[in-house]
Amino acid sequence: MNGSSRIRRRILATAGAVASITLLATGCGVGSSPSAGPSTDPDAPVTLTFQWWGNDDRAAATQKVVDLYEEKHPNVTIETSFAPDANYWEKMATQVAGGNTPDVFQMKLEYFKEYQQRGVIADLTPFTKGDDAVLHTDDTAEAALAAGTLGDKIYGMPTGRSTQSFFYDPAAWEAAGLDAPELGWTWDDFADAGEEIKDSSGGAKYLSADFGDQAPWFQAWLLQRGKSLYTDDGEVNFTQKDLEEFWNFTTGLVADGVLTPAEITTANDRTTANSPLVKGVALGEFNDVSLASAYFQAFGEVALAPFPADEDAEAAGMFEGVTQLLTVAKTSTHQEEAAKFIDFFLNDPEAGEILGITRGMPANSAILDDLSSGFTGGDLATYEFETDMADAVVPAPPVAPEGGSESLTEFKSMYDKVIFGQVTVKDAAAQMFAAFQSNIS
């Protein structure tokens, strides 16, 4: 067995890898694309399945929009389900393998290209063309629409736009005598703030949740250095030394009591329910700006700050992101009705008011303009931060190529081994870098 096979076999134990490996096994067996043409009877009963990941706040808003759509389209029934991000992809893999892919499902950019290349996602372009178009893109921000486009075909519609930030407790920050962090603050400032928090709390509080186990924050670290996880051509775009440097930096902050210790980090699944910030263990953590409202509900008022960066960094590492895409199964026998539902979900003003920014700032610019004057709380914090950082963010880095999704889960499991002392940073970086390369080979 060669090195690549050994790595893939090891990855099979992880949830994220299940999705990729299942797709590998079923890629050409997901079924031929059914007719995308209009139904012969527009009033015939239709049942759609719709699946997404998210928190309770997003679920409640989503269900209200689904109920509204069913009210306006009595012949359509939409069966919904949602799960935390950590469980979503394993469930998707099982559904795809069993031929039960939901008609409409939420898609993460890291998995998008792989699912499309495996023939799981339908081409939505036919539904956007001509006088009979049922999926409208005119008000969708061009950069956001591009995220769901491969070649000249649209395979996914963006639900929202979002960048990334450092969320923190402003009251605790001020009580420790710290100034609010602003664009231009450095990693040295970050570490110094951690020392202040540790001293003022008697070692009971940490500045931030450990971010060394998350590939997206390694991506931000790379963007600050003019690099990224992958190139446009689907090649690895960093070195083993880059990863070793990143993990040496984060584990050093753990050792200094700035970042959360191993037992807290390994239990952090990036939901607000298990957030070290929400639990009061840490005074901050890095996350997507689109989750501001969830933090406001679960914790109370939080403040948003840009990423710290070295003084000579090329950028702060924040990028113009798309929160998720909505996609249609290639096996769906109701592709046109699914496209109509997506159009309503993303473009209807009443639906937009219900959803707010539960999936980030709406990609539909007209809906965003209508909503912005009424923003409060986390919605207002998101809108103001996105507006303030408009000139500081960089273009989105290339999405992961086929096989790249496997590295996302293994990244966390490898870092867990590091922080629990099972492997050295140097050896872990070497193994993880080899996996990044092998997974896409």
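Met-107 has Leu-325 as its bridge partner in E12. The model is predicted, so that local features require pLDDT of at least 70 and side-chain atom pairs count only at pLDDT 80 or more, whereas totals for chains, interfaces and linings use all residues. Residues are numbered from 1 along each chain as its sequence is written, and side-chain values rest on heavy atoms, with hydrogens and water left out.

Strand E3 comprises residues 104-107, strands (E, at least two residues) and helices (H or I, at least four) being DSSP runs numbered from the N terminus. E3 is joined to strand E12 (residues 325-328) by four bridges in an antiparallel arrangement, and to strand E1 (residues 46-53) by two bridges in a parallel one; two strands are taken to pair if DSSP finds at least two bridges between them.

Gln-116 lies in helix H5 (residues 109-117) and is buried, with a relative accessible area of 18%. Its side chain makes a polar contact with the side chain of Tyr-155 at 3.5 Å, a polar contact being a pair of N or O atoms within 3.5 Å of which, within protein, one must be able to donate a hydrogen and the other to accept it, and residues adjacent in sequence count only if both atoms are side-chain atoms. When residues up to four places away in sequence are not counted, Gln-116 touches Ile-121, Leu-150 and Tyr-155 (heavy atoms within 4.5 Å).

The structure holds four cavities of 30 Å³ or more, a cavity being a set of points on a 1 Å grid over the protein atoms alone where a 1.4 Å probe fits but cannot get out, and lining residues having an atom within 4 Å of a point. Volume denotes the space filled by probe spheres set on the points, which are joined across faces, edges and corners. The largest cavity holds about 160 Å³ and is lined by 17 residues, of which Thr-159, Phe-345, Leu-346, Leu-355 and Pro-362 lie nearest its centre. Helix H13 (335-347) and helix H14 (349-355) are the elements that give two or more residues to this lining. The second largest cavity has a volume of about 70 Å³, and strand E9 (residues 284-288) gives the most to its lining, with three residues.

Terms used
Buried < 20%, exposed > 50% of the residue type's maximum accessible area, 1.4 Å probe, protein only. 1 Å grid on protein atoms, 1.4 Å probe; cavity = no way out; pocket = protein on both sides within 12 Å on 5 of 7 lines; lining within 4 Å.
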